[in-house]
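Please look over the sequence and the 3D structure before reading on. The report then takes up the chain as a whole and some of its parts.

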Amino acid sequence: MDLVSIFLLNLALPLFFELSLCQTDCNGCCNPNTYKVINEPRRSINSIWKQGQTAICDGTLSWGWYRFTSYVGGQMPTSRVNPYHCGTVAPIWLRGKHPSSADLTVTVQACTNFFNLSNGCHQPFNVKIRQCSGSPPFFVYYLKPTYSCAVAYCAGTIKPCGYGQVYLMNQCVGKFRL
Ligand SMILES: *[C@@H]1O[C@H](CO)[C@@H](O)[C@H](O)[C@H]1NC(C)=O
């Protein structure tokens, strides 16, 4: 290899790595054509999984930006969530703060509460959060598939409505009482 090629390679390699790292940078992530929507009230921290119910599993989630749109709320929890919450067995919560203003991205640790192992933060990994402008502003999260089931990302705080109920004007009402 001649010197010019080595020189070019030295320029190109860091650029290549930078580009591959950049893939998780926002890059239009607040655009509805870019982020994917998850509308699942059972992901609420006040939704408790019980034996016999199907537990939510994010093992098949594809890498990418996500917005939680359910009526239970759109934010992932930033304090420890106990096992069997969020409609799953091992809930994922965030150790860190949401970005405080629009168009800011932060990286925080995501913790899996796997039967309270490691103080509720088993095998932490990084999640990016972007605050998007809107009325009201909202957050999108860069997520990856979980390594196993039943492990799932939490979002929202409102207790989901029971079966046969719908959420209407800030409360759960029977479908047939309308
Ligand atoms: C996990 O720890 C919390 C808080 O210490 C406790 O309330 C809960 O019962 C524990 N859950 C399991 C499944 O061990």
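## The model and its confidence

This is a predicted model, in which local features need pLDDT of at least 70 and side-chain atom pairs count only at pLDDT 80 or more, while totals for chains, interfaces and linings use all residues. Residues are numbered from 1 along each chain, following its sequence as written.

The pLDDT, which is the predictor's confidence in each residue on a scale from 0 to 100, averages 88 over the protein chain, and 85% of the residues score at least 70. Over residues 6–23, however, the pLDDT is below 50, and this stretch has 1 contact in the model beyond near neighbours in sequence. Two residues are in contact if their C-beta atoms, placed from the backbone, lie within 7 Å.

## The overall fold

The protein chain contains 1 helix and 9 strands, where helices (H or I, at least four residues) and strands (E, at least two) are DSSP runs numbered from the N terminus. Along the sequence the pattern is α-β-β-β-β-β-β-β-β-β.

Of the contacts in the protein chain with a separation of 6 or more, 66% are between residues 24 or more positions apart. Buried residues make up 30% of the 178 residues; a residue is buried if 20 or more other C-beta atoms lie within 10 Å of its own, exposed if 12 or fewer, and partly exposed in between, with C-beta atoms placed from the backbone.

## Strand E3 and its partners

Strand E3, residues 90–95, is mostly covered, since 5 of its 6 residues are buried. Strands pair if DSSP finds at least two bridges between them. E3 runs parallel to strand E7 (residues 151–153), to which 3 bridges join it, and Ile-92 has Tyr-153 as its bridge partner in E7. With strand E4 (residues 105–112), E3 pairs in the antiparallel sense over 4 bridges, and here the bridge partner of Leu-94 is Ala-110.

## Ala-152 in strand E7

Why does Ala-152 count as buried? Ala-152, which lies in strand E7, counts as buried because it has 26 C-beta neighbours inside 10 Å. Leaving aside residues up to four places away in sequence, Ala-152 touches several others, including Pro-91, Ile-92 and Asp-58. The C-alpha atoms of Ala-152 and Asp-58 are separated by 5.0 Å, although these residues are 94 residues apart along the chain.

## Around the ligand

The ligand is surrounded by Asn-82, Pro-83, Phe-115 and Asn-116, a residue being near a molecule or strand if its C-beta atom, placed from the backbone, lies within 6 Å of it. This shell divides into 2 nonpolar, 2 polar and no charged residues (Ala, Val, Leu, Ile, Met, Phe, Trp, Tyr, Cys and Pro count as nonpolar, Asp, Glu, Lys and Arg as charged, and the others, Gly among them, as polar).
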